[in-house]
Amino acid sequence: MSLQDQIIARIAASGPISIADYMTDCLLHPEFGYYTSQNPFGRTGDFITAPEVSQIFGELIGLCLAQAWLDQGRHDSFVLAELGPGRGTLMKDVLRATATVPGFLDACRPFLIEASPRLRDVQRETLAGYEVFFADRAEDLPQGPLYFVANEFFDALPIRQFRRSGNGWREQQIGLDGDKLALGLGPILPQPALLKRLEDTLEGDIVEDSPTAAPVISELSSRIQHYGGAGLVIDYGDWRSKGDTLQALRAHAYMDILAAPGTCDLTAHVDFEALAQASNCNHSKLTPQGVFLERLGITARSQALARHLSGDALNNHISAHRRLTHPDEMGNLFKVLGFFPDGAAPPAGLDL
Ligand code: SAH
């Protein structure tokens, strides 16, 4: 039975489901989930992420975290964690670049937090030659100083959507219209977690809430505050998400989110304010990716690499730089939020 038929049968038996439940099934169903069964990344996949655009992205992230490690007195032993590593490209570039920082790799235990067994295999292959460990959840990481990066991880976490009705909220749900999946609205209920959203919304407005995002940040930030370290969350979204940002992507084109469960990527904009509020350590100002990468020296690094290139390779290299930084491409849509403990400076490229 296809995933679509399974979801339809489930709704027919027990009633409408939340968008969060639908996303969880679509993305991580053990047999038919998008991340568990498809090959999402790259030009031949459904979307391209920053580490797949250019190796410079991961190199600069690695050097940013290594600088924080130097600034905090070089912890003897620390966890270097990546959440949602995709193909493992970012971690590979981080490890290659930080090999130039004396002592960093000797002190480092790299951990990948990855839910998809199939992608874990891809990551093992990409990172062949390195000793890497896997964890299911942030709380499974060993205690100790923590340096982490999450690129396009939080946008893949399930969201719930609510439409304002008076001073209450109706949850957007997925039910059936005949034998087809259809969007509908649940009953009007108060939502204590959305109290502050009564201030910036009007009747009929939609707000989103990612129930699993805040606990992940609480866990990671507690370790950073307690043991030291730093974190970088890079994703598309804004300080406060408003409106319906759920989207389905297949072969670089937008799709109806209900059309083909499990065969397209489903993501929503990240509500960075919710992450900041869940943090138990300091956080930086939200900074556009383009600004962050320029401050870390992407132009100088690109020019250095360009000296060895010509023809198509040079053109691709120049367009990759533009793609990562230009405000009309990923430079402005993607934002960076840094995490750091009391007494330390924000990670390089970010400020308070
Ligand atoms: N960071 C990568 C890939 C982003 S795609 C890059 O920039 O290329 C999202 C990644 O998060 C995938 O590896 C997916 O399998 C993983 N993922 C999604 N939900 C997850 C969850 N709940 N726990 C752990 N990993 C998850």
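**A tour of the ligand site and an aromatic pair**

Begin with the ligand and select G86: a polar backbone atom of this residue is 3.0 Å from an oxygen atom of the ligand. Taken alone, the ligand exposes 570 Å², of which the protein buries 93%. Please note that the model on display is a predicted one.

Next, select T49. One of its polar side-chain atoms lies 2.5 Å from an oxygen atom of the ligand. Then move to G84, where a backbone N or O atom lies 2.6 Å from a nitrogen atom of the ligand.

The ligand is surrounded by 18 residues, and the closest are T49, G84, G86, E114 and N151. Coloured by class, this shell shows ten nonpolar, five polar and three charged residues.

For the last stop, leave the ligand and turn to the aromatic rings. The count of aromatic pairs comes to ten. Among them, select F78 and F104, whose rings form a tilted pair, 5.0 Å centre to centre with 50° between the planes.

Notes:
Residues are numbered from 1 along each chain as its sequence is written. This is a predicted model: local features need pLDDT of at least 70, side-chain atom pairs count only at pLDDT 80 or more; totals for chains, interfaces and linings use all residues. Side-chain values use heavy atoms; hydrogens and water are left out. A residue is near a molecule or strand if one of its heavy atoms lies within 4 Å of it. A polar contact is a pair of N or O atoms within 3.5 Å; within protein, one must be able to donate a hydrogen and the other to accept it, and residues adjacent in sequence count only if both atoms are side-chain atoms. Accessible areas come from the Shrake-Rupley method with a 1.4 Å probe; for residues, only the protein chains shown count as cover. Ala, Val, Leu, Ile, Met, Phe, Trp, Tyr, Cys and Pro count as nonpolar, Asp, Glu, Lys and Arg as charged, and the others, Gly among them, as polar. Rings of Phe, Tyr and Trp (its six-membered ring) pair if their centres lie within 6.5 Å; planes under 30 degrees apart count as stacked, over 60 as edge-to-face and the rest as tilted.
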